[in-house]
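Work through the exercises below with the sequence and the structure at hand. Each task is followed by a solution in steps.

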Amino acid sequence: MTLFVFSLLCAFLQVSDQNPTNQWTMMPHVLVVVMDGTLDQQPLSCLEQPEKLLRRDNKDGDISWRKNGEEEGQRGNVYLLDLKNSFAGGNYTCHSKDGSLLNHTEVLIQDDETTSKRIIVKTGQGDHLYCSAQNYNGEFHCSWTWQSRRVGQVAFLKARRISDDDDGQCSLDESGRLWTCSSGQSNFGCSVDDSGHRILCLDQQHCPYAEESQHIYVTVYMKSGYLVESYSKHFYMSEIVKPDKVAITKVNTTMIEWTYPSSWSSPYSYFPLTFQIAQFRERCKKCDKQCTDSKAIKTSTVHSTCQFKVKHRVKAVCIRAKDVLCNSQWSDWSFIRSVLPSGKKKRQQNK
């Protein structure tokens with residue numbers, strides 16, 4: 001009895017070793033193998049039901065394999081990938097005795113232990129992905145920067161609420177541009193823009209008036225040849241929201257007025273902004289750069305209101321905005337040169 005149990009255990013371990021968990025199907029006929037140093041080989045099957053081939057007076061040994069079009073020495077329904085190096089990736093095809101194509105699989109290699117082969121450089125904030133949203137409507141974008149002399153493209157996307165990881169499914173539409181990630185609790189649509197360096201996403205079940213209880217989790221899989229690298233970021237919408245520039249509508253020697261960005265969530269009483277105003281006595285040649293330096297004679301912060309009294313002889317004013325209720329990002333600066341009194345303006349023109 002003990003010998004029987006031991007035999008069953010050995011058989012189970014042998015099957016488990018042949019069916020490792022460090023692999024996943026990215027898309028139909030695309031297999032990702034994660035190299036973590038635990039396995040030297042990975043089985044790749046040609047036919048799920050090879051007995052159908054055998055009924056046609058063929059043998060298992062009649063199945064031949066090709067890698068990227070080149071004939072391989074291995075034969076049979078199962079091909080063993082050599083995982084000792086990262087060159088195991090490629091397009092694998094299996095053929096019958098007469099050379100007919102039976103199946104094909106693109107094998108991509110993901111090396112968990114390699115940190116030096118980075119396609120994407122860091123954004124400067126400690127992350128490889130930079131994510132931002134204009135408002136609370138559920139739309140956001142994530143971008144990255146290529147390393148020099150590296151070529152790659154987005155191979156797969158995942159967007160979900162973190163708790164959805166187990167039951168979420170992501171797929172690509174027929175156009176090859178729109179990714180849909182659906183589960184029981186969330187539904188995301190994402191697309192890669194024409195530059196290939198930015199994704200645009202919409203959480204179709206996001207409610208801007210409700211407090212978020214779960215993070216959004218975004219993973220971008222980048223493909224370079226037959227190598228895959230993944231980059232992830234998780235966040236609440238309130239952490240990445242960045243208002244657009246405010247629109248300055250009026251400025252003179254005594255008062256400045258502005259409006260909320262047209263893209264900001266409404267009503268403004270529910271989504272209030274706080275504003276920072278910087279005033280300058282010197283006229284600026286490149287005001288967008290002057291807004292970020294320390295030459296302002298005074299920097300003030302006001303909440304919700306869109307009107308502010310400027311100091312005497314101010315030549316330029318810069319304004320930016322952020323959410324009052326969250327420690328989110330400031331908008332980019334808006335700037336404008338002040339309007340001189342009519343008499344002084346005429347005297348300057350006559351000089």
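A residue is called buried if its relative accessible area is under 20%, exposed if that area is over 50%, and partly exposed in between. The model used here is predicted.

**Exercise 1.** Decide whether Cys131 is buried or exposed.

Solution. Step 1: the relative accessible area of Cys131 is 2%. Step 2: the cut-off for buried is under 20%, so Cys131 is buried.
Step 1: Cys142 has 0% relative accessibility and counts as buried.

**Exercise 2.** Describe the link between Cys131 and Cys142.

Solution. Step 1: the sulfur atoms of Cys131 and Cys142 are 2.1 Å apart, and the two residues form a disulfide. Step 2: the angle about the S-S bond is 105°, and the link is right-handed. Step 3: Cys131 belongs to strand β10 and Cys142 to strand β11, 11 residues apart.

**Exercise 3.** Find which parts of the chain are tied together by Cys46 and Cys94.

Solution. Step 1: a disulfide joins Cys46 to Cys94. Step 2: Cys46 sits in the loop between β3 and α2, whereas Cys94 sits in strand β7, so the pair ties together parts 48 residues apart in sequence. Step 3: the torsion about the S-S bond is about 80°, so this disulfide is right-handed.

Methods:
Residues are numbered from 1 along each chain as its sequence is written. This is a predicted model: local features need pLDDT of at least 70, side-chain atom pairs count only at pLDDT 80 or more; totals for chains, interfaces and linings use all residues. Side-chain values use heavy atoms; hydrogens and water are left out. A disulfide is a pair of cysteine sulfur atoms within 2.5 Å. Helices (H or I, at least four residues) and strands (E, at least two) are DSSP runs, numbered from the N terminus. Buried means under 20% relative accessible area, exposed over 50%, partly exposed in between (1.4 Å probe, protein chains only).
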